[in-house]
Amino acid sequence: MDKQRLTLAVLTVVPLVVACGSEKADGGSGSVAVERPVTGVDWRVKDITVNGTTTAAHGSPYLAFDAKTHKAAGRLGCNHVNATATVRAGHITLGRPMTTRMMCDASLMQTERALLGLFEHTVRYRVDHDTLTLTSANGMTVRAVARQ
């Protein structure tokens with residue numbers, strides 16, 4: 001009978017210990033939230049801030065980072081993009097972008113030019129719930145949300 005109680009106790013406690021290791025407290029609200037990873041998510045770009053001026057992104061641009069292949073892929077507003085991407089704690093090093101070469105409306109091209117400024121550099125990233133913030137060395141900030 002003692003062996004059965006021990007087995008029951010282990011089967012009850014082990015899943016709780018494993019689950020606690022992957023959760024993050026949610027600002028004292030009493031709830032627990034799982035931190036979203038930067039890789040394996042399509043990040044829909046919402047806005048871009050350059051020199052203190054924030055502009056809404058045009059054309060449904062998005063970026064996705066793949067940890068296994070070390071690639072970034074997405075759409076910059078008008079054209080599709082692919083590049084190498086190394087993701088490590090708080091930083092993403094983006095390689096030279098390879099893009100399609102379509103010409104689009106001026107607002108789409110403006111968004112695209114701004115996003116191209118992230119490539120061939122290392123950017124800082126922060127994930128807060130469903131929002132990804134990328135910050136370049138020159139202070140440009142890109143805010144994106146996880147695509148549902």
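Entry 1. Strands here are DSSP runs of E, at least two residues, numbered from the N terminus; buried means under 20% relative accessible area, with a 1.4 Å probe and protein chains only. In a regular strand the side chains alternate between the two faces of the sheet.

Entry 2. A note on the source: this is a predicted model, with local features needing pLDDT of at least 70, side-chain atom pairs counting only at pLDDT 80 or more, and totals for chains, interfaces and linings using all residues. Residues are numbered from 1 along each chain as its sequence is written, and side-chain values use heavy atoms, leaving out hydrogens and water.

Entry 3. Next I looked up the partners of β6. Strand β5 (residues 62-66) runs antiparallel to β6, joined by 5 bridges; pairing requires at least two DSSP bridges. Asp66 sits opposite Lys71, and in this hairpin, with 4 residues between the strands, His70 has a positive phi near 55°.

Entry 4. On to strand β7 (residues 80-88), also antiparallel to β6 and joined to it by 5 bridges. Ala72 has Ala83 as its bridge partner there. Between β6 and β7 lie 4 residues, and Gly77 in that hairpin takes a positive phi near 130°.

Entry 5. Last, I turned to Asp47, in strand β3 (residues 42-50). Asp47 counts as buried because its relative accessibility is 13%. I found its side chain joined to that of Arg143 by a polar contact of 2.5 Å (N or O atoms within 3.5 Å; within protein, one able to donate a hydrogen and the other to accept it, and residues adjacent in sequence counting only if both atoms are side-chain atoms).

Definitions and conventions. Buried < 20%, exposed > 50% of the residue type's maximum accessible area, 1.4 Å probe, protein only.
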